[in-house]
Every structure is written in structure tokens, then in C-alpha cells.
Amino acid sequence: MLLNDWNDVNFVIGTNPKDLIEIKFDIQSTDTAHGLNAYMNTLMNSNEIINGFNLRKVTQYWPY
């Protein structure tokens, strides 16, 4: 989903040392961090998979 919608933004999906799933974005590769934030807010509130796994955002860890 992210790759289809934001194919011009570099990002990585992985886990951190606590085995939590992380999605990190190269903020330099996006035209608007505000638009990306709005997209992720909508995704967090409307995606069944995210809601099913009770995933939450921690925006200070998004940039890399």
C-alpha cells in the first residue's frame, strides 16, 4: 500500500531492538512531510490490518 501510494518516497520497514515494527521515512525524499503525516494518520485510523495488530505511530522515529 505504501509503495503504491508513495512510490517516490524512500522508506524502510523493519523491526527495532524491542521487536516492534517500524516504518522509517527519508523525509528529504518527500515534497511534503505534512502530506505524509496526514496520509499515515488516515491509514492508522482506517486500515483493518493496522487496527487488527493494534499498531500505533511514534512520529519521532519516522525520519531516518
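**Entry 1. Overall size**

I began with the radius of gyration, taken over C-alpha atoms. A compact globule of 64 residues would come out near 11 Å, and the chain has 12 Å, which agrees. The globule rule I used is 2.2 Å times the number of residues to the power 0.38. I note that this is a predicted model: local features need pLDDT of at least 70, side-chain atom pairs count only at pLDDT 80 or more, and totals for chains, interfaces and linings use all residues. Residues are numbered from 1 along each chain as its sequence is written, and side-chain values use heavy atoms, with hydrogens and water left out.

I then looked up the extent of the C-alpha trace. Along its principal axes it spans about 30 × 25 × 20 Å.

**Entry 2. Elements and burial**

I listed the secondary structure. The chain has 3 helices and 2 strands. From the N terminus on, I read the order as α-β-β-α-α. Helices (H or I, at least four residues) and strands (E, at least two) are DSSP runs, numbered from the N terminus.

I checked burial next. Of the 64 residues in the chain, 27% are buried. Buried means under 20% relative accessible area, exposed over 50%, and partly exposed in between (1.4 Å probe, protein chains only).

I also looked at contacts (heavy atoms within 4.5 Å). Among those between residues at least 6 apart in sequence, 37% join residues at least 24 apart.

**Entry 3. Aromatic pairs**

How many aromatic pairs does the structure hold? I found 2. The rings of W6 and Y39 have centres 5.7 Å apart and planes at 70 degrees, so this pair is edge-to-face. The pair links distant parts of the chain, 33 residues apart. W6 sits in the loop between α1 (2-5) and β1 (11-15), and Y39 in helix α2 (residues 33-46). Both W6 and Y39 are buried.

The aromatic pair of F11 and F25 is tilted, at 6.0 Å centre to centre with 45 degrees between the planes. F11 lies in strand β1 and F25 in strand β2, so the pair ties together parts that are 14 residues apart in sequence. I looked up F25 itself: it is buried, with a relative accessible area of 1%.

My cut-offs: rings of Phe, Tyr and Trp (its six-membered ring) pair if their centres lie within 6.5 Å; planes under 30 degrees apart count as stacked, over 60 as edge-to-face and the rest as tilted.

I turned to E22, which is in strand β2 (residues 21-25). E22 is buried yet has no salt bridge. A salt bridge is a side-chain nitrogen of Lys or Arg within 4 Å of a carboxyl oxygen of Asp or Glu. Which side chain of opposite charge is nearest to E22? I found K24, 4.0 Å away. For charge, Lys and Arg count as positive and Asp and Glu as negative; His and the chain ends are not counted.

What joins the side chains of E22 and N16? I found a polar contact of 3.3 Å. A polar contact is a pair of N or O atoms within 3.5 Å; within protein, one must be able to donate a hydrogen and the other to accept it, and residues adjacent in sequence count only if both atoms are side-chain atoms. N16 lies in the loop between β1 and β2. At 17% relative accessibility, N16 counts as buried.

I also listed the neighbours of E22. Leaving aside those within four places in sequence, E22 is in contact with V12, I13, G14, T15 and N16.

**Entry 4. Positive phi**

Most residues other than glycine have a negative phi. D19 is not a glycine, and its phi is positive, near 60 degrees. D19 lies in the loop between β1 and β2. At 63% relative accessibility, D19 counts as exposed. N54, also not a glycine, has a positive phi of about 55 degrees. N54 lies in the segment after α3 (48-52).

**Entry 5. Sequence against space**

I compared some C-alpha to C-alpha distances. D26 is in the loop between β2 and α2 and counts as buried at 17% relative accessibility. D26 and N10 are 16 residues apart in sequence and 5.3 Å apart in space.

F53 is in the segment after α3 and counts as exposed, at 64% relative accessibility. F53 and Q28 are 25 residues apart in sequence and 29 Å apart in space.

A38 is in helix α2 and is partly exposed, with a relative accessible area of 37%. A38 and G14 are 24 residues apart in sequence and 22 Å apart in space.
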